[in-house]
Amino acid sequence: MTSDLILLCLAVLPVIVLSIFIYSKDKFEKEPVRMLVKAFVFGCFSVVPAVLLEQYLMMKYSANVVSVELFNGYIVAGGSEELCKLIFLYWAVWKSKDFNEYFDGIVYATFLSLGFACVENILYVFQADTFITAVHTSLMRAVLSVPAHFLFAVLMGYYFALAKFEPQSKFKNLFLAFFVPMLLHGSFDTLLFVSDTMINANIDWLEEALLVLFVYFDIKMWKWGVRRVRTLQEKSAEQHRKENK
């Protein structure tokens, strides 16, 4: 019982940390707790259609190892998960009166995505064979997977907000709210998948090159995410200046 509680805390802790972080960045009008909980819960439930879609796609595709990893990275994981997240995000907040400034797009998208990541984390951690393996899984996912879901959501929320508040480009930005996170998610997963394949094939130099590329890509994602956060903070500030004139 004690070990299960430890594992649950390890699985949930990075989600809590990142939720607090993005909430602290909402400088002008904090979102109501009920809406944040709603987004988070919708994110939790979005795991179900994503898993079903992933299983369906994996049954329908088979080819050589590299193309399978590309398909699994971009279509199965990136496509299925980001599409389901975006649909549930739209369903949860698009028509809400509380979605009333640019930065709200990032707040709601990240809370929803962290709900998804929370359920996914718990499933991965509790599927481990041993306690030590579960702890290792939770630590690796705390460093890699949960922050990645957070960053995908920042990009989704950025374009989602543009779609909401710049209606002349609504459909273009809704598409980008899916397509950009899907590309990032697919690249993230594919680099890891192919790297694992190289380890199994004992191709050390290629595995090392892929890991270096992965670290570079991860750093770039953080830079993109921080830039989008600042951009929407500035747009929200401009909204408030106009409203208070």
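User: In which helix is the place of Ser187?
Analyst: This is a predicted model, in which local features need pLDDT of at least 70 and side-chain atom pairs count only at pLDDT 80 or more, while totals for chains, interfaces and linings use all residues. Residues are numbered from 1 along each chain as its sequence is written, and side-chain values use heavy atoms, with hydrogens and water left out. Helices here are DSSP runs (H or I, at least four residues) numbered from the N terminus, and Ser187 has its place in helix α7.

User: Is Ser187 buried or exposed, and what is its relative accessible area?
Analyst: Buried means under 20% relative accessible area, exposed over 50%, and partly exposed in between (1.4 Å probe, protein chains only). Ser187 therefore counts as buried, because its relative accessible area is 17%.

User: Is Val47 buried or exposed, and what is its relative accessible area?
Analyst: Val47 has its place in another part of the picture, helix α2. Val47 is classed as buried because its relative accessible area is 7%.

User: Which residues are in contact with Val47, leaving aside its neighbours within four places in sequence?
Analyst: Val47 belongs to helix α2, and its neighbours within four places in sequence are left aside here. What is then in contact with Val47 is the pair Phe116 and Val119.

User: What separation is there between the C-alpha atoms of Val47 and Lys85?
Analyst: Along the chain, Val47 and Lys85 are 38 residues apart. In the model, however, the separation between their C-alpha atoms is 8.3 Å.

User: At roughly what angle do the axes of α4 and α6 cross?
Analyst: Axes are lines fitted to C-alpha atoms, for helices over the stretch in contact, and angles run from 0 to 180 degrees between N-to-C directions. The axes of α4 and α6 come within 7 Å of each other, and they cross at roughly 145°.

User: How do the residues of the contact of α4 with α6 divide by class?
Analyst: From α4 the contact takes residues including Ile106, Leu114, Phe116 and Glu120, and from α6 residues including His149, Phe150, Tyr158 and Phe165. With Ala, Val, Leu, Ile, Met, Phe, Trp, Tyr, Cys and Pro counted as nonpolar, Asp, Glu, Lys and Arg as charged, and the others, Gly among them, as polar, the residues of the contact divide into 14 nonpolar, six polar and one charged.

Notes. Helices (H or I, at least four residues) and strands (E, at least two) are DSSP runs, numbered from the N terminus. Contact means heavy atoms within 4.5 Å.
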